[in-house]
Amino acid sequence: MRTYCYLIKHESDFRIAKQEIYSLIPDNDGKDKITWERFAKFISKFAEIDDEDVAARYGYGELRLTRLNFYTRIFLFPKLTFHHIDAQWGAYFGRFFAPLLFIFGVLTLVLSAMQVELAVQGSVTEGWWATFSQISRWVSMTTIIFTVVAVTILLTLLIFMFVHDHWFALRILHQKNKAAYRATRPWMTAKSGVVYSSR
């Protein structure tokens, strides 16, 4: 109720809240119609409640849907999402491209710098340059492995989503076909002891 007090401060807010698509406020309370004046008089008492009087859990705010989707994969494992956000694959995979491009850009600069240094100091096989050579080899191999793993994960995710979407579509199509088939043959849905007549 305190939230309603902060959300609905003007008559225009009240009209929006009463719209059928939102249905935040009913048309009547069972007896009389709820008007702006009645609502304002009722809700004004909740404005006097201080933050200290509200349960502590409300101080953290609501969990965002992206966070709920993340925790669903951990705590409700067979379920992959709490609620789908992206309707298209492009929007889903688009979230991965910016961070991956940044990481690959940084790694490309690091590897290019190492390659230049190794080309300049290629003849040196002792001391600090030998250590640098081993570090360069290790970073290069790690980068290659990271790239292969990232591409494999993205391809696996793409194949999984493709199979999952097609399986879901085929299941729905099968249910619709089954319902349509039964609709053309009423005796299939008749209860025991009921004789179907074509008349």
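**Briefing: an all-helix predicted chain**

Of the 199 residues in the protein chain, 12% are buried (under 20% relative accessible area, with exposed over 50% and partly exposed in between; 1.4 Å probe, protein chains only). This is a predicted model, in which local features need pLDDT of at least 70 and side-chain atom pairs count only at pLDDT 80 or more, while totals for chains, interfaces and linings use all residues. Residues are numbered from 1 along each chain as its sequence is written, and side-chain values use heavy atoms, with hydrogens and water left out.

**Fold and surface totals**
- The protein chain has 6 helices and 0 strands, where helices (H or I, at least four residues) and strands (E, at least two) are DSSP runs numbered from the N terminus.
- Along the sequence the pattern reads α-α-α-α-α-α.
- Among contacts (heavy atoms within 4.5 Å) with a separation of 6 or more, 43% join residues 24 or more positions apart.

**Nonpolar core**
- The largest nonpolar core consists of 9 residues: C5, I8, F14, A17, I25, I34, W36, F39 and I43; such a core is a set of buried Ala, Val, Leu, Ile, Met, Phe, Trp, Tyr and Cys residues joined through side-chain atoms within 4.5 Å.
- Helix 2 and helix 3 each give at least two residues to this core, and helix 3 has the largest share, with 3 residues.
- Leaving aside residues up to four places away in sequence, I43 touches M1, Y4 and C5.

**Aromatic pairs**
- There are 5 aromatic pairs in the structure (ring centres of Phe, Tyr and Trp, the last by its six-membered ring, within 6.5 Å; planes under 30 degrees apart are stacked, over 60 edge-to-face, the rest tilted).
- The F14 and W36 rings have centres 5.7 Å apart and planes at 55°, so this pair is tilted.
- The pair links F14 in helix 2 (residues 11-18) with W36 in helix 3 (residues 36-43), 22 residues apart.
- F14 is buried at 5% relative accessible area, and W36 also counts as buried, at 18%.
- F14, W36 and F39 make up one aromatic cluster.

**Surface patch**
- A nonpolar surface patch is formed by M141, I144, I145, V148, V149 and I153, with about 560 Å² of accessible area together.
- Patch residues have over 30% relative accessible area and no salt bridge, with like charges joined within 9 Å and nonpolar side chains (Val, Leu, Ile, Met, Phe, Trp, Tyr) within 5 Å; a salt bridge is a side-chain nitrogen of Lys or Arg within 4 Å of a carboxyl oxygen of Asp or Glu.
- I153 lies in helix 6 (residues 128-184) and counts as exposed, at 53% relative accessibility.

Definitions and conventions. Areas by Shrake-Rupley, 256 points an atom, 1.4 Å probe, with all protein chains shown as cover.
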